[in-house]
Amino acid sequence: MIRELTRKKTFQGCIALTLATVISVFAQPAAPTYDLLLRGGHVLDDKNHIDGVMDVAIKDGKIASVAAHIPSDAALKTIDVKGLYVTPGLVDIHVHVYAGTGERNSYAGDLSVPPDGFTFRVGVTTVVDAGCSGWRNFEDFKDRIIDRSKTRVFAMLNIVGAGMRGGKYEQNTADMDGEATAAMALKYPQTIVGIKTAHFEGPEWTPVEQAVIAGTKANIPVMVDFGADRPTRPLYDLLTQKLRPGDIYTHMYSGLRQEQDPVTLGPSKGFIEGRKRGIYFDVGQGGGSFKWSLAVPMIKAGFIPDSISTDLHVTSMNGAMKDELNVADKIMAVNVPLKEVVAEMTSHPAHEIRHEELGNLSQGAIADVTVLRVEDGKFGFTDMVNRRLDGKQKLICELTIKDGKIVYDLNGISAELWTAPPGPHDAEAYRWTTFAPRPPRASTPATEMPH
Ligand SMILES: [Zn+2]
């Protein structure tokens, strides 16, 4: 009896469950799992050893899946990126963006640029300001630029407390305080990713030694622009004794110190020994720090960059440097493969600044993604002495995604034609793009009107 009752109940329960399933299936189709899907692109993800056609799905600002075939109805929005390269968002670890103070002839002022005008349009989602501010003015920089930019801005603190404000400040060894610099770095561990020493002309090791004290206390790397070439502090000693493994030598192809071996024209002994010890070598083209007469023989000798950076500032932005992709084009023009060049702009720099959550497309990683097109043609690439090397390929940024949302779309590949009917997920477009229509308001203040 009891058993029969149970059976009857179970049977009724089954019917109810089946009916409920049928009703729910008809009433509302299953919601797509992902916010955004990039389909059919060639994925280059150095950290995960991916070099092939894959689909990339994003949800809630994170990479949700990278797989061979993800159906388009699994996402609110699907973009066809066939024929294009899909990479992690690019990381440029040498820029100058402490703009807006009004100070003349100063990287904590007029020589810096506002980051958002120079980043997303070339696929860069993260930049590191290389020493514009020191411990005395970092908080002003943070308030003025870092906290207000759409670009992810990190900072390396200048070992000079006053920052990169010109000769009378930058040559002042009394203002190079490793302890005070470390204290500020430890106060903002999410934002301060390194210590910078630059432009020093004196014969002493003071800036390097104080920078290493700060870097050691705060457990972050030191980046060196080695300033004037002085026999009292040779480059060989810097790279084999003074710096620690994991520290970064920028302006690697400048030729202003002893980067190049005078006989072989390849890398100097200091460079070779330094790389063996784990020093990283960074491009940092800037206005006067990249020469073909170094870059070509050194790259041909196998001394390729660990990271490609711009050294973006007011006097490099329209010169030979131009932007991150133009610097990458130059390295490619000396026959470094695209896959390697992308690694030098993604996983490598992210690793150098110890932000492993960036620069890769691992499941759960921050969904910064760049879509690049390789254009074939005849292109010219110039250096600091206005010499040209011709190349046949150029990288163009088609689409940039930061934190899961489209922030740049050169040819509108994420947009529907204006004649198309409304889409089923238009109301949720804010989930995958920053270009979603703004919700209507009863009265929009004039200052917030779109224009
Ligand atoms: Zn610089």
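Two strands pair if DSSP finds at least two bridges between them. Helices (H or I, at least four residues) and strands (E, at least two) are DSSP runs, and they are numbered from the N terminus.

Welcome to the structure. This is a predicted model, in which local features need pLDDT of at least 70 and side-chain atom pairs count only at pLDDT 80 or more, while totals for chains, interfaces and linings use all residues. Residues are numbered from 1 along each chain as its sequence is written, and side-chain values use heavy atoms, with hydrogens and water left out.

## The whole protein

The protein holds 11 helices and 15 strands. Taken along the principal axes, its C-alpha atoms fill a box of roughly 100 × 55 × 45 Å. Of its 451 residues, 53% are buried; buried means under 20% relative accessible area, exposed means over 50%, and partly exposed lies in between (1.4 Å probe, protein chains only). Contact here means heavy atoms within 4.5 Å. Among contacts between residues at least 6 apart in sequence, 74% join residues at least 24 apart.

## The sheet and its edge strand β6

Where do the strands come together? Seven of them form an open sheet in the order β6-β7-β8-β9-β10-β11-β12, with parallel pairing. Its edge strands are β6 and β12 (280–281), each of which pairs on one side only. Strands of a sheet pair through backbone hydrogen bonds, either parallel or antiparallel.

Strand β6 (residues 90–95) is mostly covered, with 6 of its 6 residues buried. Its parallel pairing with strand β7 (residues 124–134) runs over 4 bridges.

## Helix α4 and its surroundings

Helix α4 (residues 178–187) and helix α5 (residues 206–218) have axes that come within 8 Å and cross at roughly 35°. Axes are lines fitted to C-alpha atoms, for helices over the stretch in contact, and angles run from 0 to 180 degrees between N-to-C directions. The crossing of α4 and α5 is right-handed; a crossing is left-handed if the near helix is turned anticlockwise from the far one by less than a right angle, and right-handed if clockwise.

Which residues meet there? From α4 come G178, E179, T181, A182, A185 and L186, and they meet Q210, I213, A214, K217 and A218 of α5. The residues of this contact divide into 6 nonpolar, 3 polar and 2 charged. In that count Ala, Val, Leu, Ile, Met, Phe, Trp, Tyr, Cys and Pro are nonpolar, Asp, Glu, Lys and Arg are charged, and the others, Gly among them, are polar.

Within α4, G178, A180, T181, A182, M184 and A185 are buried. The cover over the buried residues of α4 includes α2 (138–144), β8 (152–158), β9 (192–197) and α5. At the start of α4, a side-chain oxygen of D177 reaches to within 3.0 Å of the backbone nitrogen of E179. A183 also has its place in helix α4. From A183 to F200 is 17 residues in sequence and 23 Å in space, C-alpha to C-alpha.

K77 is found in strand β4 (residues 75–80). The side chain of K77 reaches the backbone oxygen of S414 at 2.9 Å. Setting aside neighbours within four places in sequence, K77 is in contact with D35, L36, L37, S414, E416 and W432.

S254 is found in the loop between β11 (248–249) and α7 (269–277). A polar contact of 3.2 Å joins the side chains of S254 and E259. Such a contact is a pair of N or O atoms within 3.5 Å; within protein, one must be able to donate a hydrogen and the other to accept it, and residues adjacent in sequence count only if both atoms are side-chain atoms. Not counting residues up to four places away in sequence, S254 touches E259, S289, F290, K291, L294 and M384.

| Residue | Relative accessible area | Class |
|---|---|---|
| S254 | 1% | buried |
| K77 | 7% | buried |
| A183 | 48% | partly exposed |
| N335 | 68% | exposed |
| H49 | 73% | exposed |

Most residues other than glycine have a negative phi. H49 has a positive phi of about 55° although it is not a glycine, and it lies in the loop between β1 (34–45) and β2 (50–59). N335, also not a glycine, has a positive phi near 70°, and N335 is found in the loop between α9 (324–333) and α10 (338–343).
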